[in-house]
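Q: I am new to this structure and would like to learn how to read a few of its features. Could we go through them together?

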Amino acid sequence: MSTAPAAAPAWWQRALDSDVWFSFRSSPMAIAAAFIAAVCLFCALFAYVVAPYNPFDLASLELSDARLPPAWQEGGSSKYLFGTDDQGRDILSALMYGARISLLVGIASVLLSVVLGVGLGLLSGFVGGKIDAFIMRVCDVMLSFPSILIALLIDGVGRAMFPNAHDTLAFAVLILAIAIPGWVPYARTVRGSTMVERSKEYVQAARVIGVSSSRIMWKHVLPNVMGPVLVLATIQVALAILTESTLSFLGVGVPPTQPSLGTLIRVGNDFLFSGEWWITIFPGAMLVLIALSVNLLGDWLRDALNPRLR
């Protein structure tokens, strides 16, 4: 006796019928960017499975294999497709492990920025008054300084306070250093949207029936102001990854025992003009590929969520 195939869940069917999914599947650029971002994310998350070697296992390194060119160049080895660095580490494996750290720091710092920025922006726009004025003046002060300088300051203070910090604490300080300058755009965006939403009829109706202000903010207003936040967060992920790479390139980023793409670029920069171009070019290309694909996804999401462009 044959049984009918199980029906797809309602939420999945709604997602397939949505305007966002239609916009995605009709945009070759968005599909290509999503594919590249997914491949980079997969290789980063499962580097211990996909990577040919563990580049940070000092016991497995062979100094005799140092500075080997890519496999397709004269003197290269088929064991190392993208060549090796000055310590004999496989560049391809180092890219996967380094991308994992860059993505971890970038995504975690953006999530923290979103929590801070959305919470303060929602409070500022809904309550108004002196609280709104104070939060906006803090935003103005934060915007008057370049974000990279604020990140350098926070990272420097953290290193001074915890000079012997282990890797976990060092990562936490770095994430905090990137997240604190990044919450301002979310706060300003959510504040503007909240000021529009609080004067609408559904908010007035909720007040009339006795719903508390906190419940109105979090249950009714917040879902209606998250569209721009999603777009901004997608684009900010690429910016956070670039900021982390910049800090690591300057030598104040992730611990040397867990190098990211920025650290690999800094190490390779010392050998760039001596002919070993692959040590810095491949990490730089990986960084550009990740940032470009995420930015393209952010641009597509901005257009997909804009009702005027539907």
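Q: Is Trp278 buried or exposed?
A: Buried means under 20% relative accessible area, exposed over 50%, and partly exposed in between (1.4 Å probe, protein chains only). Trp278 has 5% relative accessibility, so Trp278 counts as buried. Trp277, at 28%, counts as partly exposed. This is a predicted model, where local features need pLDDT of at least 70, side-chain atom pairs count only at pLDDT 80 or more, and totals for chains, interfaces and linings use all residues. Residues are numbered from 1 along each chain as its sequence is written, and side-chain values use heavy atoms, leaving out hydrogens and water.

Q: How many aromatic pairs does a search of the whole structure find?
A: A pair of aromatic rings is described by the distance of the centres and the angle of the planes. Rings of Phe, Tyr and Trp (its six-membered ring) pair if their centres lie within 6.5 Å; planes under 30 degrees apart count as stacked, over 60 as edge-to-face and the rest as tilted. The search finds 9 pairs. In one of them, the centres of Tyr53 and Tyr80 are 5.5 Å apart and the planes meet at 40 degrees, so this pair is tilted. Tyr53 is partly exposed at 32% relative accessibility, while Tyr80 is buried at 6%.

Q: What kind of pair do Trp277 and Trp278 make?
A: Their ring centres are 5.8 Å apart with planes at 85 degrees, so the pair is edge-to-face.
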